[in-house]
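Here are my notes on this entry, in numbered points. Please read them with the coordinates open.

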6 protein chains.
Amino acid sequence: MDVEELKGLDIEDIAEKIETMEIRGAAKIARAGVKAVLKVVEEFEDDDEEALLVELKKCRDRLINTRPTAVSLENGLKYMMKGIDDAENTEEMKKRVKNNYSQFIELSLKAKEDIAEYGGKRINEGDVVLTHCNSSIALGAIKYAWEEGKNIEVIATESRPKKQGYITAKELSQEDIPVTLIVDSAVRHKMKQVDQVYVGADTIASNGAVINKIGTSQVALCAHECRVPFTVCAESYKFSRETAFGDLVQIEERDPSEIVDPKDFCDVKISNPAFDATPADYVDCIITEKGIISPEGAYRIIEERI
Amino acid sequence: MDVEELKGLDIEDIAEKIETMEIRGAAKIARAGVKAVLKVVEEFEDDDEEALLVELKKCRDRLINTRPTAVSLENGLKYMMKGIDDAENTEEMKKRVKNNYSQFIELSLKAKEDIAEYGGKRINEGDVVLTHCNSSIALGAIKYAWEEGKNIEVIATESRPKKQGYITAKELSQEDIPVTLIVDSAVRHKMKQVDQVYVGADTIASNGAVINKIGTSQVALCAHECRVPFTVCAESYKFSRETAFGDLVQIEERDPSEIVDPKDFCDVKISNPAFDATPADYVDCIITEKGIISPEGAYRIIEERI
Amino acid sequence: MDVEELKGLDIEDIAEKIETMEIRGAAKIARAGVKAVLKVVEEFEDDDEEALLVELKKCRDRLINTRPTAVSLENGLKYMMKGIDDAENTEEMKKRVKNNYSQFIELSLKAKEDIAEYGGKRINEGDVVLTHCNSSIALGAIKYAWEEGKNIEVIATESRPKKQGYITAKELSQEDIPVTLIVDSAVRHKMKQVDQVYVGADTIASNGAVINKIGTSQVALCAHECRVPFTVCAESYKFSRETAFGDLVQIEERDPSEIVDPKDFCDVKISNPAFDATPADYVDCIITEKGIISPEGAYRIIEERI
Amino acid sequence: MDVEELKGLDIEDIAEKIETMEIRGAAKIARAGVKAVLKVVEEFEDDDEEALLVELKKCRDRLINTRPTAVSLENGLKYMMKGIDDAENTEEMKKRVKNNYSQFIELSLKAKEDIAEYGGKRINEGDVVLTHCNSSIALGAIKYAWEEGKNIEVIATESRPKKQGYITAKELSQEDIPVTLIVDSAVRHKMKQVDQVYVGADTIASNGAVINKIGTSQVALCAHECRVPFTVCAESYKFSRETAFGDLVQIEERDPSEIVDPKDFCDVKISNPAFDATPADYVDCIITEKGIISPEGAYRIIEERI
Amino acid sequence: MDVEELKGLDIEDIAEKIETMEIRGAAKIARAGVKAVLKVVEEFEDDDEEALLVELKKCRDRLINTRPTAVSLENGLKYMMKGIDDAENTEEMKKRVKNNYSQFIELSLKAKEDIAEYGGKRINEGDVVLTHCNSSIALGAIKYAWEEGKNIEVIATESRPKKQGYITAKELSQEDIPVTLIVDSAVRHKMKQVDQVYVGADTIASNGAVINKIGTSQVALCAHECRVPFTVCAESYKFSRETAFGDLVQIEERDPSEIVDPKDFCDVKISNPAFDATPADYVDCIITEKGIISPEGAYRIIEERI
Amino acid sequence: MDVEELKGLDIEDIAEKIETMEIRGAAKIARAGVKAVLKVVEEFEDDDEEALLVELKKCRDRLINTRPTAVSLENGLKYMMKGIDDAENTEEMKKRVKNNYSQFIELSLKAKEDIAEYGGKRINEGDVVLTHCNSSIALGAIKYAWEEGKNIEVIATESRPKKQGYITAKELSQEDIPVTLIVDSAVRHKMKQVDQVYVGADTIASNGAVINKIGTSQVALCAHECRVPFTVCAESYKFSRETAFGDLVQIEERDPSEIVDPKDFCDVKISNPAFDATPADYVDCIITEKGIISPEGAYRIIEERI
């Protein structure tokens, strides 16, 4: 569910859809988040700057708590707030927010397109590409390669507990790209047939660690063991400035009921971490819209925003 | 479902229950298999040795195809056939089969008990033990440690697609052992908290490779990366003599419908390998009833049967 | 012994205290060094620019040879010399040196504070942190975490031959931080209980190699083997510009008598290297006052000074 | 064969000498390439800007296809084209090309000299340095160390199929540097005696991968296994801007007859890849004229040209 | 050149052909060696036991020095001497030697056949198998797989300096097995396409180290890095009993002229080690006629002869 | 302090000398232990078998608790008890104990001699051998090599806290073997100069883990990282049968006062583990008197005693 489908929803609706993962994917939740902020100014009718600022911050704070791990949302919300503190009146404030919105959406979509191109060019004729979860940006690269006429195949992991791999499998098969679905446990067994791994990212830390869907780090480990390049596709706004100054990325622990009905498992603790961290050592490169870098160069991307 | 619950079932019933994994676990299917062979002699009423032999072999061949990866079943069936070729009459033949049956069951249960003890002693007070799938022999060791008063905790993986981890979690919680259920993808993320990994095995190859439930090899890889000892519990009849002479263990590819309903995924290939191979490098030791060995010593266990 | 305790000492005193390690720690010797240079201008009474310059350089050269491995001292001394060549008279020269002194001390102390904060935030509730030798900057991070109310524990290595670990242990226990002292050989044995390693640095080379107290590189190797993050705390003035242009860091070989009385060991050679080099591969991140970087990004920090 | 030996040759001569590897080495072919472009302007006598531009591009395109893997050539040719599009007349255009030529040659030779110095300083008294193929820039560093009076030894690999190792061995022995020639297969066996490996590069990718003569990556792997530092000497114009935007370095497959006479091997396929890619993980540092960096910092060098 | 082609040759002829590698391959030189001993008894006409014994030992000693690395020859010669010390007369002595000869040849050929079968069964349909040098026993396994109808491909390394890879390539192409010839340096570059590596061995040490043609250990390292199983085919008489009691395998240094004409390279040292040692860590299994073992189980094979 | 120096001591004296490490080294404490048992029978004057048995067991139990990690002592004591249960009278019992004593001492000394020879042969001319702690059996091998005329050098670690490295250094320098003493932290820094590591062992577990002086495992890790073979010298009676049946080797925690005076460190916990476990992965081979094996073959040595 991307930004064009959010019509008619109010801010709380959007926040909830992000929380329940109806709106999913680090780029999409960033775009939905900025859309929600836009709604604040669109719906605000008073002429009280203070009040608008309060509303904007309320909206931002509500959203920021929906998915603590995704820095893209936080960076998107920050982008929306650019220049509003010194706006002289509500009109000016609204104009700036709208402007910020247009720019962020454009930047976000352009980045996605560029990364698809850079990533797609790196996939070779005949490659078997494994992907984990459902990253629109990683799939963008895969589709780019396919559209360039390369004869490729994809292996998609199921991605328990939310099974986003089903969406991946269907999405690719709709484009006629040959795709095989496997359980998450079969990754190492299949890795010998794999030429490349492509995944997305929720957050990139300043030391190059990649925070992404739970399981990503063991896919990366299996790829590394087998000399299979592991590529991360991530727009520059997924790099976390805060990690450069000591903040640790908080790994979201989601509801047990996403795995099983806890009532059927009394006395069993159920742990459902939504993300894990892949160390830079296992990442061949990160494809950003600013170019392809080593993960160890992450600080360089962040530095530009410091 | 173990051997005492097979009353009233005929051979084909047993074979099917093994195929559908109603009877699961390498030791249990071996015991069920030998029980089926026992039924042949119990139900055979003629006095025709040739005919009995034919029946026995038919039964053996039917069973052997149910789960091609489990060498325990094959070894159990071989055990049942000991001495029948030179039996002088059906009485003698029946007696030998019954004898073989009693011996194999006793040996199998005694081995299970010994391994539980040896393995349980190696679990320390306060250990967090991760286990994959539902191995009665590995759980035997965990329970032994618990019963010795050690304050331990278990992390159980879900074990898609058949989710045997649910059985593990329930089985342990019934004994009041603290247990946490996780999805298979969360293994690497949790590994930092784990002190030991205990799993079972379906087959041990002569070079020490351990064939076990899909996902085992990536659990082992994650443990190895994190300096966590990875222990395999396996009776000596799970060691495959045939692998010493070039036979490769055949990895069973099970029905896609165990993962999803294929009708919902037309044009998506679904691959469902039931096992994978863990290289000896990632295995700290194999606990057998004959003692605890390095996986590289597997040939020594097999050699005794050559 | 930090800069405020140097009153009454002359330059040679300071140089000797650095040589004998009475003044220890890369940051402290840098601050002591710049203090010594300050003394030159404070005590210089003539009005002869040439003579003052000669004095300043003599002082610098005397100091630079005290501990060849510590680039912090060299960088501090360079900082003191900024702008003196084109000062128009001794007054101006003295003013600039005094100015440089104030700035360097402020920068040095502010960097220490910032790194303590960034590093402290990365230590989690309940962490066991291992540290080697006695780095005020690494201990700063540990104390920050403790002061934030995090319930942590420290393992301190003895750090033969000079046993700075005793100072570390006492310093932490005075703050009520639970601390365990071990011999250097016990690092790998204890590593399974460790969540993080924090150390300081004497010099960072342009390829990310970390030169620090002898033994650091094997602590790092043990951490790496065990998936324990290894964090280096280092102000940016510990990064060596010279290494970017081919200079190798010279590892100081200190007096055998720091280990044993050589007279008791005639015919035995005693080797006492004071530092070793930890390769970037084993370092999770370097915390600088400019942000947290991958060691492979060291050139970026140096580049700003080129 | 370097640029001063190209007198009397026309553009096609130069292109052919590059193709046949009579002119070899990434730096030399870049210099030969720019010389060829210079010849275009030197020989062009008309006063038609359009025509000159066509000639220049024809020359560039002819050259660029001679060795697709060497980005140095491409970068050199780009350098030659700087400012010609907006030149107001042929005179101006010629002047700019000549200017570009002088600058590129100077920059190239100065870079070579600087790298020799930085690299030479990093070789220690008594070191045994292994080198693969025949890189003038890596040999420059070795000779620098030797000329500084360091007592070193070199091991040179044969470097099949073109056996450039013979040239290396002779070139070094002419300078009286002790050198041992080995077959390419003996690298791992000899690595225990080696202190450092020095090689050149044809292209550096934005993620730090080093593309160099076939076999380089297995030399690097053997060095890494043995904790021997692996150093790459490469001018900044060997870093490929294109790889930062998705282009993959094309590995040149050269003629089978370089290995054997194919007529003697009917029904045998002969594969002759001229280069391979060494991952950043196995590279200790890259020595450029701008300073010594980690390979993971390659993007930083490229970024300056973006 | 195998045993049936040695007619008409005297002992010195055979020794020389082994030295010059006209007779090559650890198994073939063992068979040639025992044939030479047989010739001693066939040609001996006196009735003097002492004299015969002297002749036999002279022959043995001459042969044993031809290729010091190959334990197969030594073990073959030992086999020939079995029982001769207590033979009562020359007749008896001759009979025993002849008997030993027949047995050794039979045992040697049967082992080769068995290993071909065990090894061939482990090659899968569609596999790309890389082999180094020219091992009749490893090629036996490859041919077995091909003859079983498996659609396989082979990559053969050139194997400098003696280029036995040319023989391998021709031998396989004569059987219509698709084969690609590469230089030794291209192994790592090609490894991503390889499914298995099969090589022979000259000697197996008691700790599982495999001594084989120079370059084998770096092929093994490249395979290990890429998770490609590395299989060694070796008859049990290639396991060295002496290594279990401290003897080190002596790596033969062969004549420089095998690489280049030394006259063309004055002042260049040429080193030509003929073998290297592959550590057990990189070897998946050793296929012997007694079964397939882990290299770490080598002592078990040797123990039977102690 | 070896067995010949125990004259005049009673059992409690011997036990205390073992506890305080006046008698040190796994072989020596085994010999001292059996000597103590011998004293029981020598001093026993009654004719009461029961009473003698009680005395013998009391003595055994007293001794066994002195150093829980050393299986050699336990195995020696077991050896002393052979056949005493069914001795018909005290005379017979005494005779058997005396017999056992002579045999054990002979076996122990012969094993030491054999291992020195096998180990010494594996040290090459010119080798630099690093050793940790003070193992008479490892030093035996080093001295053997020296006595054979090999020009070798030794690096001896200090081995805190008891500094047995000082004894090693003096012992070797008395034999004129060039020896360099280093602190334990300098191992990785020196490893690049080391050709081999030789150590002893207190206990070998059935999976090949080597329990030896604290620090051994990090020496092994450093050697492994640097491709330096790590050799363990251990008599077969140091292999622990009990570990094959689940017993874990208990790591002795010795008195803090061996490190510092605890009174000077109130509120500091001091941990003083005396041993650590080196995994089989880092051990090249174990030299026993029965031959040289892979550590993974440890069960084979134990099996003979089961």
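1. Charge first. Lys and Arg count as positive, Asp and Glu as negative, and His and the chain ends are left out. On that count chain A carries 41 positive and 59 negative side chains. The centres of the two sets lie 3 Å apart. Keep in mind throughout that this is a predicted model.

2. Overall form of chain A. A compact globule of 306 residues would have a radius of gyration near 19 Å, and chain A has 20 Å, so the two agree. Along the principal axes, the C-alpha trace of chain A spans about 65 × 50 × 40 Å. Chain A holds 10 helices and 11 strands.

3. Burial and contacts in chain A. Buried residues make up 64% of the 306. Take the contacts in chain A with a separation of 6 or more: 76% of them join residues 24 or more positions apart. The accessible surface of chain A is about 10,900 Å². Carbon and sulfur atoms own 44% of that surface.

4. Chains A and B. The same surface serves both copies, as 100% of the contact residues of chain A recur in chain B.

5. Pairs without contact. Chain B and chain D do not touch, and their nearest C-alpha atoms are 17 Å apart. Chain C and chain E do not touch either, with nearest C-alpha atoms 17 Å apart.

6. A:Met80. This residue sits in helix H4 of chain A, residues 71-80. Is A:Met80 buried or exposed? A:Met80 counts as buried because its relative accessibility is 0%, and the cut-off for buried is under 20%. Leaving aside residues up to four places away in sequence, A:Met80 touches A:Val34, A:Val37, A:Leu38, A:Val97, A:Asn100 and A:Tyr101. A:Lys35 is 45 residues away along the chain, yet its C-alpha is 9.5 Å from that of A:Met80.

7. Helix H7 of chain B. This helix covers residues 164-174. Its buried residues are B:Gln164, B:Gly165, B:Tyr166, B:Thr168, B:Ala169, B:Leu172 and B:Ser173. An α-helix has 3.6 residues a turn, so residues three or four places apart point the same way. What do the buried residues of H7(B) pack against? Within chain B, the partners are strand E1 (128-131), helix H6 (136-147), strand E2 (153-157), strand E3 (179-182) and strand E6 (210-213). Strand E8 (268-270) of chain A is a further partner. After H7(B) comes B:Asp176, with a positive phi near 70°.

Key: Residues are numbered from 1 along each chain as its sequence is written. Chains are lettered from A and ligands numbered from 1 in the order in which they are written. This is a predicted model: local features need pLDDT of at least 70, side-chain atom pairs count only at pLDDT 80 or more; totals for chains, interfaces and linings use all residues. Side-chain values use heavy atoms; hydrogens and water are left out. Helices (H or I, at least four residues) and strands (E, at least two) are DSSP runs, numbered from the N terminus. The radius of gyration is taken over C-alpha atoms; the globule rule is 2.2 Å times the number of residues to the power 0.38. Buried means under 20% relative accessible area, exposed over 50%, partly exposed in between (1.4 Å probe, protein chains only). Contact means heavy atoms within 4.5 Å. Accessible areas come from the Shrake-Rupley method with a 1.4 Å probe; for residues, only the protein chains shown count as cover. The place of a charge is taken as NZ of Lys, CZ of Arg, CG of Asp or CD of Glu.
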